[in-house]
Amino acid sequence: MTAKDKILYFLYLHRTGLTVTAFAAFVLVFPLVEDNPYTLGLTNLIALYALVVLGLNLFIGYAGQISLGHAAFFGLGAYGSAIATTAFNLPPWPAMALVAALVALVALVVGLPALRLHGHYLAMATLGCNIVVYTVLVQWHPVTGGHSGFSGIPPLALGDFVFDEEGRFHYLVWSFTLLALLASLNLVRSGVGRGLAALAADETAAACLGVDVRSAKVKVFVLSAVFASLAGSLFAHCYGFVSPDSFGIFRSVDFVIMVVLGGLGSIWGSLFGAALVTLLPEWIEVFDTYKDLIHGLILVLILMFLPQGLITGLADLLKQRLALYRRRLESRDADA
Amino acid sequence: MLTLEGLSKNFGGLPALQEVSFRLRGGDITALIGPNGAGKSTLINCITGVLAPSAGRVDFLGRDLTGLPAHEVTRSGIARTFQNLRIFPRLSVLDNVLCGLTLEAGRSFFSAMLRLPPLRHRERRLRLRALEALDRFSLADKAAWPAGILAYGDRKRLEMARAFVGEPQLVLLDEPVAGLNAAETAAVGREIVRLKSEGHTLLLVEHDMDLVMSIADQVVVLDSGRCIARGTPAEVQRNPLVLEAYLGRMEPTA
């Protein structure tokens, strides 16, 4: 092996870690280059949504299930942190962990019966779960503040360093998102991830290869709920204000659109999907006015022409073409 | 090694299997034959836990497997292939085979997300074993292809590679040569004999009588859910019940 081969092999072997490191470096210097609070506010929002979408993509994209209710876990995380730190005066960090544990428990209780369902029925069950949570947030006035929500949630802090403006918040929320990104990338490259991909394709075959289908589905559902809950807690501490409108079923649908745009089962695509859906209304004004209409149209078009989602669909197409092309070349060589 | 005692399966009152009993000896090739609809695939599904039997007992190496879910049956050392191929078309050929090593890859979400060095090393070892298995079934040069573009014969061999990669103690092959041409059938037959010589135990569901009669040590004949004969290929071929099941009753004609 020459030195060049060795370097190339090293790059190939550590491609995932190196890409994540490069991306982390980019995130690290981003606020130094771009210090406009409005832009940073947007990228922070992307990071928050990406955190939810990473978990949801594991559940929808990798394990092949469907959830139209992840805004509920996002909302439970936000309200949980908000209530724990204001009404009970708990310190923010332990409150966040506690809330994530409680949301995991809720997801377990919901998931155990709901994940026996498939397809449309599972979509309906999760949708119903979101509507229940939304209604509780609106109706339980003394605790949640009803429609108007409530404010005065303290910001997070590390010692004396308070995450109270967008530039500082950038580092906090992107740390979480990068860790989730790394964890997701690791998960899908392991036996657990292959098991999820297998059960997405064919539950019987997966079970016959030793995948505990039911338990794996529940586990990945709980994991995605925990990601959503953490994002919710960060959301509450970042904006200092929560109201039920951020956690309705249309937010859930937006999350699904982000997953589909990013590509089912594409971890990096999750970042892309979250970014695109967040930024589109900023770039083109029509999007803001007819947001729901256009989101729906995007979803329909992608599912019609690239059912695996935008990025994954294109990548699959490319991989397939390449392999077919190589096969043709080989058979031509064999003939010659 | 595997003992079936009075295994029965009803689908809503309709009996698909009735009191099937036989045993497999370790190291043997047993062929399960019978006309269409005889219950061969149902029997395989009952053994592997895809279906729960209505009555009877499945005993494997002294362990009662009756009614266990499929992943538990797999855990006890039984692997299988499917009649209507069930490969994962979007995964690469290599990943398909790695799915056959699920039991050894660990199922903890935490350790998978952390990916500490022990897990990395294990993944590398598993990858090597999967490549070896692909090599045996001469698919190694296609390891990176998406499995969906493989030709039919390659898919069949991929399923065999996936079943054998985990070194199971018993492999159930559901119609391994269905749809293959004569040359491919002969190749699969040689492969099966080689697997036997390496000490694997196989249960084979097959319609290709030439193949069955040439490689099987024991033949079990099912008809309408009942086990009507079992014995060596020569014995079964002479059995009048078997001839009747396949050819219909011989009526004396004028």
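Me: Why is B:Glu175 called buried?

Reply: This is a predicted model, and in it B:Glu175 has a relative accessible area of 8%. Buried means under 20%, so B:Glu175 gets that label. The residue sits in the chain B loop between β7 (170-174) and α8 (182-197).

Me: And what makes the phi of B:Glu175 worth a look?

Reply: The angle is positive, about 50°, although B:Glu175 is not a glycine. Most residues other than glycine have a negative phi. B:Leu61 also has a positive phi, near 50°, and is not a glycine either. You'll find B:Leu61 in the loop between β4 (55-60) and β5 (63-64) of chain B.

Me: Is B:Leu61 buried, exposed or partly exposed, and how do you know?

Reply: Partly exposed, because its relative accessible area is 46%. Buried would need under 20% and exposed over 50%, so 46% falls in between.

Me: What makes the contact of A:Asp164 and A:Arg168 a salt bridge?

Reply: The distance, N to O, is 4.0 Å, and the cut-off is within 4 Å. A:Asp164 is exposed because its relative accessible area of 53% is over 50%. A:Arg168, at 29%, is partly exposed.

Me: What separates B:Glu159 and B:Arg162 in helix α7 (residues 152-164) of chain B?

Reply: About one helical turn, because they are 3 residues apart in that helix. An α-helix has 3.6 residues a turn, so residues three or four places apart point the same way. The side chains of B:Glu159 and B:Arg162 meet in a salt bridge at 3.6 Å, N to O. B:Glu159 counts as buried at 2% relative accessibility, and B:Arg162 is buried at 3%. Elsewhere, salt bridges that share partners link B:Arg136, B:Glu191, B:Arg194 and B:Glu198 into one network. Over all chains, the search finds 19 salt bridges.

Me: How do you know that the span of α13(A) agrees with its number of residues?

Reply: At 1.5 Å a residue, its 17 residues should span 24 Å, and the end C-alpha atoms are 24 Å apart, so the two agree. There is a kink of about 25° at A:Val277, shortly before the proline A:Pro281.

Me: What makes α13(A) "mostly covered"?

Reply: Of its 17 residues, 13 are buried. α13 (267-283) is one of the helices that the buried residues of α2(A) pack against, along with α3 (37-62) and α8 (166-188) of chain A. Those buried α2(A) residues are A:Thr16, A:Val20, A:Phe23, A:Val27, A:Phe30 and A:Pro31. α2(A) itself has 19 residues and reaches 26 Å, close to the 27 Å expected.

Me: Why can A:Leu90 count towards a nonpolar surface patch?

Reply: A patch residue needs over 30% relative accessible area, and A:Leu90 has 33%, so it passes that cut-off and is partly exposed. The patch covers about 760 Å², and its members include A:Phe88, A:Leu98 and A:Leu112. A:Leu90 sits in the loop between α4 (70-86) and α5 (92-114) of chain A.

Key
Residues numbered from 1 in each chain as written. Chains lettered and ligands numbered in written order. Predicted model: local features only at pLDDT ≥ 70, side-chain atom pairs only at ≥ 80, totals over all residues. Heavy atoms only, no water. Helix = DSSP H or I, 4+ residues; strand = E, 2+ residues; numbered from the N terminus. Expected span 1.5 Å × (residues − 1). Buried < 20%, exposed > 50% of the residue type's maximum accessible area, 1.4 Å probe, protein only. Contact = heavy atoms within 4.5 Å. Patch = residues over 30% accessible without salt bridge, like charges linked within 9 Å, V, L, I, M, F, W, Y side chains within 5 Å. Areas by Shrake-Rupley, 256 points an atom, 1.4 Å probe, with all protein chains shown as cover. Bend = angle between axes of the 7 residues up to and from the residue.
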